[in-house]
Amino acid sequence: VQLQASGGGLVQAGGSLRLSCAASGRTFAAYAMGWFRQAPGKEREFVAAISRSGGGTDYADFVKGRFTISRDNGKNTVYLQMNNLKPEDTAVYYCATDNTGGPWRVGVPPRDDFGSWGQGTQVTVSS
C-alpha cells in the first residue's frame, strides 16, 4: 500500500488545517485508517483512527473536540480536519493503515495495529 499525505502548512494558533491522505495499492475500503504525528525529538504518537466503513472513530485525548477524522472510500482518501490548533500540535503528520488485522475487519483496530507509514506532511503552528 502507498500512502501520500498532504495539506500541511504554517498556521497561527487557533487556526485550522485539513490534511488529506491518498491511498493506493490495495482495496482502500477494506481497511481502517489512522493519523499519527511525530514532533522533533519525540516518538511518533497516535492522533486518530477510523473504521473501514467510517462508522467508528478513535481519538487521542489531546485532540478530542478539535480534530475530526473522516474518509471517502470512493476517492480512496482519509482526511483530518484540525481546528483550534495549538503550538504543541506542531509535528509531521503521517497517515497509516491497519497493518495487522487483514481486510474487512470490523470496528476500529487497536492503535498498535497501524503501520505502513506513508510520506508525512509538516504542520507548524505559531503562537
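The questions below concern ring pairs, charges over rings, a disulfide and strand pairing in a predicted model.

This is a predicted model in which local features need pLDDT of at least 70 and side-chain atom pairs count only at pLDDT 80 or more, while totals for chains, interfaces and linings use all residues. Residues are numbered from 1 along each chain as its sequence is written, and side-chain values use heavy atoms, with hydrogens and water left out.

Q: What makes F36 and F46 an aromatic pair, and why is the pair called edge-to-face?
A: Rings of Phe, Tyr and Trp (its six-membered ring) pair if their centres lie within 6.5 Å; planes under 30 degrees apart count as stacked, over 60 as edge-to-face and the rest as tilted. The structure holds 3 aromatic pairs.

Q: Which parts of the chain does the pair of F36 and F46 tie together?
A: F36 belongs to strand β4 (residues 33–38) and F46 to strand β5 (residues 45–50), so the pair ties together parts 10 residues apart in sequence. Strands (E, at least two residues) and helices (H or I, at least four) are DSSP runs, numbered from the N terminus.

Q: Why is F36 called buried?
A: Buried means under 20% relative accessible area, exposed over 50%, and partly exposed in between (1.4 Å probe, protein chains only). F36 has 6%, so it is buried. F46, at 9%, also counts as buried.

Q: Why is R18 said to sit over the ring of Y79?
A: A charge sits over a ring if NZ of Lys or CZ of Arg is within 6 Å of the ring centre and within 35 degrees of the ring normal. The charged end of R18 is 4.0 Å from the centre of the Y79 ring. R71 lies over the face of F28, at 4.4 Å from the ring centre.

Q: What makes C21 and C95 a disulfide?
A: A disulfide is a pair of cysteine sulfur atoms within 2.5 Å. The S to S distance of C21 and C95 is 1.9 Å, so the pair qualifies. The torsion about their S-S bond is about 45 degrees, so the disulfide is right-handed. It connects strand β3 (residues 17–24), which holds C21, to strand β9 (residues 91–98), which holds C95, 74 residues apart. Both C21 and C95 are buried.

Q: How do you know that β4 and β9 pair?
A: Two strands pair if DSSP finds at least two bridges between them. 6 bridges join β4 to β9, which run antiparallel, so the two strands pair. The bridge partner of F36 in β9 is Y94.

Q: Why is β9 called largely enclosed by the rest of the structure?
A: 7 of the 8 residues of β9 are buried, so this description applies.
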